[in-house]
Amino acid sequence: MTNEKHFTDELADEIQRDSNLSDDTKTQVLLNLQKLKKTKVNILVTGATGCGKSSTINALFGSEKAKVGQGVNPETMDIQKFEYNNIILWDSPGLGDGKEADRRHSKNIIDKLYEKDNNDDMLIDLVLVILEGGTRDLGTSFDLINQVIIPNLGKDKKRLLIAINQADQAMKGRYWNHQENRPEPELIKFLDEKVTSTQNRIKEATDVDVEPIYYSAGYKDGDSSQNPYNLSKLLLFMLRHTPEDKRVVFAQDRNKDKIMWEDNDEIEDYNKEIKKTFIESVMSSASAGADIGATIGGAFGKTGEAIGKAAGAVLGGLWGAATSWW
Ligand SMILES: Nc1nc2c(ncn2[C@@H]2O[C@H](COP(=O)(O)OP(=O)(O)O)[C@@H](O)[C@H]2O)c(=O)[nH]1
Ligand SMILES: [Mg+2]
């Protein structure tokens, strides 16, 4: 990866140089940034074999750590762990690989959902369940969500995000505009209905409200390849389901290849929202304990503002000088 330096170190340099902040404030902010540098976000990614877990992981985090097109390893059948700077991914098959495998995978997933970290907080910050958009029978995926995940999430269901992948294949490849890498209106309608029916099936079984989204992780297949669609939307929704003070660490690990983030629906400006989310997150975590005399009205006070300004520059750089995005 091109950018080896951690954004918290770059931010620390900027803060050091800021002549408007007192030494005490600087000390506190630098301490907060050191803590942030070590902050981990643990994500459990699950879904039926072939739904695109590996493809999604690679698209989001830009390495080929996860092997695409490889089913469950019958030797271990365990959760696979992928570690980046701050993101730790736990990749587990969902249901549908046979009775014995299903039992094993369910147990692995449930154990992970109850695991605590060193601070005695829940280890898993976010559970990403991936559904395969082109599959008619999602029965085993609903069993996974309704019977395995939701009952074992704890009271707060915010950790759960459901995402429908392979949007391009939802109607067997029809109505996908390959030139522009986006769905045509017929497919959009079909996908919107899929979102609604997913929502309803979960609501009926568990009384839990979810807000599923659809996307395409894309693929590389010999000579032919397709970029992701709605990958920025997926990332933004993942951020929104992650505790606020931790969100900014995704900035370190997200795929630096700009082209992966370009094709999205236009419901929101996802790339702009992502940057805003990162800045708000770092403002709140890095200014904690500083800024005692903060002005009322400025949500983060003077220190927060200084951090926000520095973060705008540093994170813009991290995204590969993609100035046109912001
Ligand atoms: N057309 C299309 N193929 C995809 C997409 N995502 C994944 N695939 C393909 O689906 C197959 C299974 O993907 P993989 O990531 O290995 O799924 P996993 O078993 O859940 O990890 C591979 O051939 C991928 O290239 C997508 O969004 N669109
Ligand atoms: Mg895989």
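Reader: What makes 22 residues of domain 1 and 19 residues of domain 2 count as being in contact?

Author: In this predicted model, 22 residues of domain 1 are in contact with 19 residues of domain 2, where contact means heavy atoms within 4.5 Å. The division of the protein chain into domain 1 (1-38 + 269-326) and domain 2 (41-255) comes from an automatic or database domain assignment. Local features need pLDDT of at least 70, side-chain atom pairs count only at pLDDT 80 or more, and totals for chains, interfaces and linings use all residues. Residues are numbered from 1 along each chain as its sequence is written, and side-chain values use heavy atoms, without hydrogens and water.

Reader: How many polar contacts and salt bridges link domain 1 and domain 2?

Author: There are 9 residue pairs in polar contact between domain 1 and domain 2, both residues at pLDDT 80 or more. A polar contact is a pair of N or O atoms within 3.5 Å; within protein, one must be able to donate a hydrogen and the other to accept it, and residues adjacent in sequence count only if both atoms are side-chain atoms.

Reader: Why is the pair of F61 and Y84 called tilted?

Author: The structure holds 2 aromatic pairs. Rings of Phe, Tyr and Trp (its six-membered ring) pair if their centres lie within 6.5 Å, with planes under 30 degrees apart counted as stacked, over 60 as edge-to-face and the rest as tilted. The ring centres of F61 and Y84 are 5.2 Å apart and the planes stand at 35°, so this pair is tilted.

Terms used
Chains are lettered from A and ligands numbered from 1 in the order in which they are written.
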